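Me: I am new to this structure and would like to learn how to read it. Could we go through a few features together?

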Amino acid sequence: MKTGLLYGIVANSKTRMRCVFCGVYIPKATKCIEEHTNGTKHKENIEQMAENGISFNHYDDQLYCKPCNINLGEEESVPSHLECDTHANWMAAMDDLIEGEFINVDAYLAGESEDVYCEVCNCKITCVLSNIEEHVNDILHRSNVAEKLKPSNGIFPTEKDDELWCKVCNQPIENTARSLLSHIDDNFVHVMWLMEMQDLIETHEISVQDYLKCKEEKNAYCNRCQVEIPCNIQSIKDHIANGFMT
């Protein structure tokens, strides 16, 4: 019979068990318990726990939410807690803070660490929203993010120390983290080119990585046809419309 910490199944009475994860009661029969623990919803709830900082304390048969720092009530389940305002607001605030910032919270939410990890600064940050906000706004972090984004956005240094060049837009950019990030996020030509290009190539085995990473490269590469294509929207459209070349 599958019971205990791994499965979240605990005794409730002489005739039934309770799944702490799902918040449901199950007849105290091996077949019923096996059907539940092998079910899709039960497995989804276990995945949601690891992704949302929820763990099961087998000493008192309670669920604990790390982000909210509370034990869940006896009748509260993983799905019901995820829908509550406190948890949803914390997760939304965290997502807003770390989006595009190369900050990994997986180990914290899985209960493996009290810290989150900044991949561009190579450092740990105590997982408090205010600490993370301070870190992402720090000039060193902003500069590190800007450097990380250059190779995937076709942005290169120039002979002038105070100037960068955007290959996608064929225009100069002031060599500051603020200007670079503003160009990547807000420049209409830049954003639209990358979006349209991604839509074109994502299902056609065409790569533009070398074009964006190498200042002198002029071509995209079709892995299906093993040919180079001038790296512009129209040429790639023509290549696809012609049924690829063999």
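This is a predicted model: local features need pLDDT of at least 70, side-chain atom pairs count only at pLDDT 80 or more; totals for chains, interfaces and linings use all residues.

Me: Which strands pair here, and in what sense?

Reply: β7 and β8 (residues 115-118) pair in the antiparallel sense, over two bridges. They belong to an open sheet of three strands, in the order β7-β8-β9. β7 (103-104) and β9 (123-126) are at the edges with a single partner strand each, so one side of each has no neighbour in the sheet.

Me: What lies across these strands?

Reply: Helix α6 (residues 129-137) does, lying across β7, β8 and β9 and running at about 140 degrees to β9.

Me: Now for a helix. Why do residues three or four places apart point the same way?

Reply: Because an α-helix has 3.6 residues a turn. Now look at α4: its buried residues are His 87, Trp 90, Met 91, Met 94, Leu 97 and Ile 98. Down the helix axis they fall within an arc of 125 degrees, so they line one face of α4.

Me: Which residues are exposed on the other side of α4?

Reply: Asp 85, Asn 89 and Asp 96 are exposed there.

Me: And what covers the buried residues of α4?

Reply: The cover includes α2 (40-52), β5 (62-65), α3 (78-83), β7, α5 (106-109) and α6. So two elements of our sheet discussion, β7 and α6, return here, because both are among those covering elements.

Me: What follows α4?

Reply: Gly 100 does, and its phi is positive, near 75 degrees.

How values were computed: Residues are numbered from 1 along each chain as its sequence is written. Side-chain values use heavy atoms; hydrogens and water are left out. Two strands pair if DSSP finds at least two bridges between them. Helices (H or I, at least four residues) and strands (E, at least two) are DSSP runs, numbered from the N terminus. Contact means heavy atoms within 4.5 Å. Axes are lines fitted to C-alpha atoms, for helices over the stretch in contact, and angles run from 0 to 180 degrees between N-to-C directions. Buried means under 20% relative accessible area, exposed over 50%, partly exposed in between (1.4 Å probe, protein chains only). The arc is that of the directions from the helix axis to the C-beta atoms.
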